[in-house]
Amino acid sequence: MEGLCTVTKLEARKHAETLYCDATAFLPAGRILLAGYLRFSEESRPAQVVIVGGTGRYAGARGFATLRDLGPSRENIELHILP
């Protein structure tokens with residue numbers, strides 16, 4: 001997965017930040033395009049972003065992805081593609 005995020009809000013007192021991200025998941029049958037706001041803070045919780053399209057077998061894909069932090073440099077990403 002590759003993406004680009006832009007910081008949209010910093011909350012120094014809460015040690016938190018909000019980012020808007022666009023990302024592409026590269027899969028054998030095509031690509032899935034994701035977009036959404038992510039909030040990072042000391043409280044780790046799953047985040048959700050929207051599937052906004054795709055290519056190949058995933059052309060026109062819609063749905064959402066759930067992102068879970070598993071520790072340093074590790075994430076679990078579940079793609080929920082709607083019919």
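A disulfide is a pair of cysteine sulfur atoms within 2.5 Å. In this predicted model, a search of the whole structure turns up one disulfide. Its partners are cysteine 5 and cysteine 21, with sulfur atoms 2.0 Å apart. The bond links distant parts of the chain, since cysteine 5 sits in strand S1 (residues 2-11) and cysteine 21 in strand S2, 16 residues apart. The torsion about the S-S bond of cysteine 5 and cysteine 21 is about 115°, so this disulfide is right-handed.

Next, the rings. The whole structure holds one aromatic pair. Tyrosine 20 and tyrosine 37 have ring centres 5.1 Å apart and planes at 65°, so they meet edge-to-face. Tyrosine 20 belongs to strand S2 (residues 16-27) and tyrosine 37 to strand S3 (residues 30-40), so the pair ties together parts that are 17 residues apart in sequence.

| Residue | Relative accessible area | Class |
|---|---|---|
| Cysteine 5 | 39% | partly exposed |
| Cysteine 21 | 7% | buried |
| Tyrosine 20 | 31% | partly exposed |
| Tyrosine 37 | 54% | exposed |

Finally, the core. The largest nonpolar core has 14 residues, and Ile32, Leu34, Leu38, Val49, Ile51 and Ala65 touch the most other members. Two or more residues each come from S2, S3, strand S4 (47-54) and strand S5 (63-71), with S2 giving the largest share, four residues. Beyond its neighbours within four places in sequence, isoleucine 51 is in contact with residues including Ile32, Leu34, Phe64, Ala65, Leu79 and Ile81.

Technical notes
Residues are numbered from 1 along each chain as its sequence is written. This is a predicted model: local features need pLDDT of at least 70, side-chain atom pairs count only at pLDDT 80 or more; totals for chains, interfaces and linings use all residues. Side-chain values use heavy atoms; hydrogens and water are left out. Rings of Phe, Tyr and Trp (its six-membered ring) pair if their centres lie within 6.5 Å; planes under 30 degrees apart count as stacked, over 60 as edge-to-face and the rest as tilted. Buried means under 20% relative accessible area, exposed over 50%, partly exposed in between (1.4 Å probe, protein chains only). A nonpolar core is a set of buried Ala, Val, Leu, Ile, Met, Phe, Trp, Tyr and Cys residues joined through side-chain atoms within 4.5 Å. Contact means heavy atoms within 4.5 Å.
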